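I opened this entry to look up charged side-chain pairs. My plan was to list the pairs, then check where each partner sits.

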Amino acid sequence: EADAATREGDRKRELIAPEDIMGDEIGQIMKSRNATVDELRRHEDDRAVALRKLEEQDRLVSLGMLSASVAHEMNTPLAVLHGSIEKLEETLADPQGAHSPQTLVRLARMKRVTERLRLISASLLDFARPKKDVFAPTRLRPVVEEAWNLVAIDEKAASIQFVNEVAEDAQVMGNADRLVQVFVNLLRNALIAVESAGTDAGRIEVRSRRIERNREAIEAVTVEDNGRGIPADVLPDIFDAFVSTRLDAKGTGLGLTVAEGIVTQHGGTISAGNRAEGGARLEVCLPGA
């Protein structure tokens, strides 16, 4: 029966139960067979994992080439746009010029966005030609605040209650620009989730807590929303690239993959789950400064 199960690929029944193995020479053969089958399956599993990694690497190589191409195409129009905004700022700074005070505020925001786009463009080139980021003690609360300011450009954000309860003294070793990119992705996903849920009291909350892991101080930051939550069948693959049913599928399907990559480069971890009261909960853990 065990041999038949092995030929049929039935892993649950292919090993002989210990209570059926006798204490004679036949029993020794049975034990040897069990060990051989078990070793074979381990090799098969290892090979399957290796093949998946090779497939992922192939996709990443293609993605790197595409990223470099997109970055080169973006750089010129971004430079023109950034220069135009600077010229407008100089014009409006003229004391004799008539203009609304809100105009300068909007221009400053546009300038921040173009600078952010230029950083993203540079990071696309880095994706194809990796370089080591410079890490320094970085306060997390301003990082989250800047990320929300960028996400809040979307008019849908006006109807959402955003709460930033990251501790003032929460600091990590990291690159501020790269960490802003992480939280932009997480907050944008939360905004889409809350908006698609159709709730009248959309809410996004970000909190931090200090924990100890392997005798090291860790800053854990959670991003929670009161949307519909993450479907159970999506959770296992939530950080894989191009998952069409994922939280960020309204965009490229790469946001969470990029976020996980940046967090990993920082020596941290990122996890996803659902809140008991409903909605999604993503947690980023980073080494404390």
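Partly exposed, in these notes, means a relative accessible area between the 20% under which a residue is buried and the 50% over which it is exposed. Glu44 has 27% relative accessibility, so I log Glu44 as partly exposed. The model is a predicted one.

Entry one: the total. I searched the whole structure and got 20 salt bridges.

Entry two: Glu44 and its partner. Glu44 forms a salt bridge with Arg11, with 3.3 Å between the closest N and O atoms. Arg11 lies in the loop between helix 1 (2-8) and helix 2 (25-92), and Glu44 lies in helix 2, so the pair ties together parts 33 residues apart in sequence. Arg11 is partly exposed too, at 39% relative accessibility.

I found Arg42 and Asp38 in a salt bridge, 3.0 Å from N to O. They are 4 residues apart in helix 2, which means a separation of about one helical turn. Arg42 is partly exposed at 42%. Asp38 is partly exposed at 35%.

Are Glu224 and Arg275 buried or exposed? I checked: both are buried. I then followed the shared partners. Salt bridges join Arg209, Glu224, Arg275, Glu277, Arg281 and Glu283 into one network.

Methods. Residues are numbered from 1 along each chain as its sequence is written. This is a predicted model: local features need pLDDT of at least 70, side-chain atom pairs count only at pLDDT 80 or more; totals for chains, interfaces and linings use all residues. Side-chain values use heavy atoms; hydrogens and water are left out. A salt bridge is a side-chain nitrogen of Lys or Arg within 4 Å of a carboxyl oxygen of Asp or Glu. Helices (H or I, at least four residues) and strands (E, at least two) are DSSP runs, numbered from the N terminus. Buried means under 20% relative accessible area, exposed over 50%, partly exposed in between (1.4 Å probe, protein chains only).
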